[in-house]
Amino acid sequence: MAAYRCLRCAWLLLVFISSWYVVVSGEETTQGDDRVSVADNPQIAADTAEQPSEERRWEATQVDKAVPDDAAAAAHKQDFPVPDSVLTPTPQFKDTFKEELVIRPLHSGDIYASFQFRTVWETDFTRGSKVSHYRLFPKSLGQVISKFSVQELHISFTQGYWRTMQWGQPYHPSPPGAELWVWFQDTVTDVDATWKELTNVLSGIFCASLNFIDSTNTVRPSASFKPLGIANGTDHRFLRYATLPREIVCTENLTPWKKLLPCGSKAGLAVLLKSEKLFHSSFHSQAVHIRPVCQDPQCKTMSLELRQTLNVVFDLHTSGQGKREWSLFKMFSRTLTEACPLAASSKIYIDITDNPQEEQFEVSPATPLLSQAVVLGDRRTFSVYDLTQQVTFGTVRSLNVLIRWKSTEGDMLRPLLHAERYVAGYGLQTGEIHTLMYNNHPFRSFPVLLLDSVPWYLRLYVHTLTVTSKGKDNKPSYIHYEPSKDRVRPHLLEMLVQLPPHSVTEITVQFERALLKWTEYTPDPNHGFYVGSSVISALVPSTVAINTNITEEQPLFSTFFPCKEESSYFVRVYTEPLLVNLPTPDFSMPYNVICLTCTVVAVGYGSLYNLLTRSFQIEEPNPGLAKRIANIIRKMRGVPPL
């Protein structure tokens, strides 16, 4: 045993000496005569001593497309023989990620926060090439786009209703519930089958009930929902639109949405996305938009843009604060310590347009950076916090933006376009749908495009359709109507209506309620049936000139809708969803009938069954004790028993 230990120690010593010799000889071979020691050069020694030890941080690296020359490749092969496939040029992944947070104080004391996460990838799925490597772009969505030949995909999940007259226009409008509209490529042969399969896949990705989207709630608009990105054609046969107005948004929808971000919820602005705070608000909306965009002004190269948006409105009374004071910690229960390491830009914008001299509210800490952008036809001023600069976080290495209100005076600029909708009538047989569109511009009129998708169980009487403005008939210049088929497809109504200045345009149509089968009712039929929101698209006159160059560097919240005219901007407005009562049978009667039937069967059939199956026998009475003793004695004497 001792000899084995000595042999083992000698072997380890030999290995150590040989490795040390290889290291020393390798250093001498590689450095040669060009080596410069620190002791020989005092300047290098001084620079080395003055360099502080910095904390290691992640960085967004980009692999260059470097091709080694023949001599270097040959030398590399000679020293370290490796396969030729390893020496192939490394592809260059040109993808960028930016994040923004826009905070807009509202005159009602509430606060509007809009998150923007944008990933741009220089790739083209329309050419049919398969992509196997994903860096910043989520692989789950990339595979879906490639498999189903999707040109554009827009999906949103919203809880609550956006109050336009109190909050103004949102940066990214969306209807209550779930909304999905997709443009497919012209290579798709069976659009309906692809649409059905796509909804099932998206239902699993976002943990939503999108699998309930079928032909009964899917329409194919003819004029609305034009492509927001680059489009070679606008053949509406490849467009599908559907809504689920009763979809409930909760944490299980937010978690997969955050996992699509390059940094997840571990760094950057996504750290603020705390579910218990986001859902304890009066309005919450999260969306995913995928579209092809131009990379250069000539649009020679195309990129794929993934834009994730999250809009939330914190109510002054619902939050339980009791005073008009907001901060990042009070809104999200967290502060910011760093930007996302993979983000090329990370900024926070505070809207101070209505507060030029800090008369209404005060923002702290103060920032010297200011920015102006044209948003929704109005020039807005913002205070900018650049999270990529360490100066922003200060000495405490934490950023907590505080907004303290000083005065409640001031009038909010009313939006130029606003819409409402409600159901009129009495009884459970007929009714009437009223849609009101407000043009608040004092002297200019503009056209709007209205889209209505009504379920089949509300049978519209199209001949009762009326459009009135200022008490006079307003004839639409374009009407597209597709009648419904029972249990197959819904109604589709599109109209192009000119709204006079400073007017209210009312659209009414009568309908009849259908009687459903008892298996088609929801578990709570007396609650009512939801009808999706009306969609109003319009080019609204702008007060300032708008930049139409889509490739110029601009804030993310002002570049969602493409702009082609300098004097107007595109806006989309959603009305409230409708809650309609249908004639509902008394579902307690089947229970009573079942109970009565079971009772009759148990009594009648049970008695008859007993009579047919039971066997009846005569049982003799039990003799007494004296008689049994007498029979025993008589048996012993050989006498017959009594």
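Which residues line the second largest cavity?

Mentor: The model is predicted, so local features need pLDDT of at least 70 and side-chain atom pairs count only at pLDDT 80 or more, while totals for chains, interfaces and linings use all residues. Residues are numbered from 1 along each chain as its sequence is written, and side-chain values use heavy atoms, with hydrogens and water left out.

A cavity is a set of points, on a 1 Å grid over the protein atoms alone, where a 1.4 Å probe fits but cannot get out; lining residues have an atom within 4 Å of a point. Points are joined across faces, edges and corners, and a volume is the space filled by probe spheres set on them.

The lining of the second largest cavity consists of Tyr-161, Trp-162, Thr-164, Gln-169, Pro-170, Pro-173, Ser-174, Pro-175, Pro-176, Arg-572, Val-573 and Tyr-574. This cavity holds about 90 Å³ of space. Strand S25 contributes the most to its lining, three residues; strands are DSSP runs (E, at least two residues), numbered from the N terminus. The second largest cavity lies between domain 1 (95–405) and domain 2 (417–580), because both give residues to its lining; the domain bounds come from an automatic or database domain assignment.

For context, there are six cavities of 30 Å³ or more. The largest cavity has about 130 Å³ of space. Its lining has 19 residues, and Pro-173, Glu-179, His-289, Phe-560 and Tyr-574 lie nearest its centre. Strand S7 supplies the largest share of that lining, four residues. Domain 1 (95–405) and domain 2 (417–580) each provide at least three residues to the lining of the largest cavity.

Methods:
On a 1 Å grid over the protein atoms alone, a cavity is a set of points where a 1.4 Å probe fits but cannot get out, and a pocket is an open set with protein on both sides within 12 Å along at least five of seven lines; lining residues have an atom within 4 Å of a point.
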